[in-house]
Amino acid sequence: MARLEVTEDPEKGNLLDTLTPLPVLPVSSKAVIQDAAVGLAAQSGVNEKRVELALAEAKKDSLLYGQPKRRLSRWSRFQLWFTTYRKFFTFIVTLNGIGLLLAILNIWTYPRRYAGAFILGNLIFAILMRNEVFGRCFYWFVIKCFAKWTPLWFRLGCTSVLQHLGGIHSGCAASGFAWLIFRVTLIFIDHKDNHDAVLIAGVVTNIAVSISIASAFPWVRNTHHNIFERHHRFIGWVGLVSTWVFVVLGDSYDLDTHSWNPDGVRVIRQQDFWYVFGMTILILIPWFTVREVKVDIEVPSPKVAILRFERGMQQGLLSRISRSSIMEYHAFGIVSEGPHAKYHYLICGVQGDFTRSLVHEPPTHIWTRQLKFAGVSHSSTLYKRGIRVCTGTGLGAALSTCLQNPDWYLIWIGSEQEKTFGPTISGLIYRHLWPDRVCLWDSKARGGRPDMMRLIKDAYHSWGAEVVFITSNWQGNKELVEGCKEAGIPAFGTLWDF
């Protein structure tokens with residue numbers, strides 16, 4: 001194996017020759033080996049003809065990258081499409097839909113009398129699935145109980161459930177909205193027996209919940225993040241307030257006497273009250289942990305900002321940050337050497353106004369939630385050995401898993417990684433992973449992207465891995481997950497919530 005050459009530079013830290021080292025694992029792609037061989041030949045003075053031959057062979061092999069890949073069968077594509085997210089969503093919506101149909105047909109009369117329980121029961125579960133405390137506790141319970149000793153299929157199922165809790169969130173929210181429409185419709189039908197104030201509160205709640213749900217559609221979330229956040233959060237808060245009004249007014253108005261009952265005890269005794277109370281607590285908990293904290297920002301290139309915060313973190317967590325206390329929170333994967341480390345970092349790629357401002361107008365303090373939420377990588381400790389694949393700034397969500405767990409191997413594809421991401425991130429990789437647990441591919445130095453599936457297959461079998469975690473853009477994620485499915489390799493990709 002080639003010797004690792006290090007050059008000291010007081011400004012940039014340790015600079016490593018990216019053409020010299022060979023991947024430790026036996027990667028089958030000739031382009032990887034021959035590209036490194038060219039660097040070695042040039043450094044050792046081997047004649048130019050041999051160098052040219054190596055280059056010609058590498059180019060010949062690189063043609064394989066452009067060959068069309070065999071399309072997966074319809075059944076395999078359907079299995080990938082019908083994720084656990086969609087399974088949860090379908091099950092919950094179907095179950096509620098059957099109950100709603102029976103209530104509409106007056107076959108099941110209970111929901112007609114206690115529709116609030118179905119509305120708020122669904123909504124509280126929807127909120128619970130997105131609550132940081134619940135998520136961290138659920139991850140902790142699954143990892144503590146089932147890590148490593150249970151059958152692989154069971155652990156894969158656990159990871160799938162943990163990753164796709166959003167399906168329960170979406171399914172319960174949609175179902176709760178459907179029950180809310182049913183409830184307000186009943187009030188309209190019996191409007192002579194109900195007070196106008198109750199009806200108005202119900203209509204306002206319907207409008208607020210509908211806007212909040214519409215703003216969370218995947219297309220809106222992925223293409224207009226700020227619109228999603230403002231409407232989903234602030235209109236959602238309006239919906240919470242109007243729900244309180246709707247519940248209190250509805251439980252205070254006596255339908256028999258057509259009069260208001262000011263006795264608060266009657267309201268407290270209703271199950272609706274406690275459902276809304278629980279919803280309110282779940283929504284408020286994360287906001288109690290919001291703090292403005294000191295941040296040091298390193299800008300190694302115009303493409304990336306590296307944010308450094310005090311104290312270490314567990315692997316697989318994500319952090320939400322903002323320039324204000326309540327507006328425009330953005331989530332990034334946390335890079336840390338461990339809970340007892342001095343610092344943790346966020347890798348912020350320049351993609352929009354917020355991240356661009358971090359490069360051009362770096363703040364000294366920033367708002368964040370001290371309670372971090374868990375990503376799918378947090379479940380990596382369920383497995384004995386694994387492969388972590390990422391491209392570009394996806395390293396932010398992947399690196400901690402490999403830094404803190406010696407049984408995980410990193411494959412990182414990027415362009416001029418050392419120059420783009422700077423000495424801090426490169427230093428973490430070379431101190432903890434190099435050369436035994438990392439394969440770095442510089443797409444600019446090597447003339448393009450590699451055959452990713454070759455790298456993954458070779459690493460998976462040579463490393464004795466049980467699972468592959470992938471962080472990439474939508475197209476890259478789709479191609480790699482499909483490739484792993486075809487190769488029979490258990491893999492989890494980036495979740496796009498649709």
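Predicted model: local features only at pLDDT ≥ 70, side-chain atom pairs only at ≥ 80, totals over all residues.
Close-up 1. Leaving aside neighbours within four places in sequence, the contacts of I92 are with N122, G167, I168, G171, C172 and S175.

**Close-up 2. The crossing of helices α10 and α12.** The axes of α10 (residues 196-214) and α12 (residues 225-252) come within 8 Å and cross at roughly 155°, an angle over 145 degrees, so that α10 is roughly antiparallel to α12. The crossing of the two helices is left-handed. On the α10 side the residues that meet α12 include A197, V198, A201, G202 and V204, while those of α12 include H231, H232, I235, G236 and F246. Sorted by class, the contact of α10 with α12 holds 11 nonpolar and 10 polar residues, with no charged residues.

**Close-up 3. I366 and the largest nonpolar core.** This core has 51 residues, and those with the most contacts inside it are L307, I366, L395, L399, L410, I425 and I429. Not counting residues up to four places away in sequence, I366 touches R291, E292, V293, V295, L307, F309, I321, S322, R323, F354 and L358.

**Close-up 4. A second, separate nonpolar core.** This core is made up of 26 residues, among them L100, V198, F246 and V247. Of these, V198 in α10 and F246 in α12 are also listed among the residues through which the two helices meet.

Note on methods. Residues numbered from 1 in each chain as written. Heavy atoms only, no water. Core = buried A, V, L, I, M, F, W, Y, C linked by side-chain atoms within 4.5 Å. Buried < 20%, exposed > 50% of the residue type's maximum accessible area, 1.4 Å probe, protein only. Contact = heavy atoms within 4.5 Å. Axes fitted to C-alpha atoms, helices over the stretch in contact; angles between N-to-C directions. Helix = DSSP H or I, 4+ residues; strand = E, 2+ residues; numbered from the N terminus. Parallel < 35°, antiparallel > 145°, perpendicular 65-115°, else oblique. Left-handed = near helix turned anticlockwise from the far one by under 90°. Nonpolar A, V, L, I, M, F, W, Y, C, P; charged D, E, K, R; others polar.
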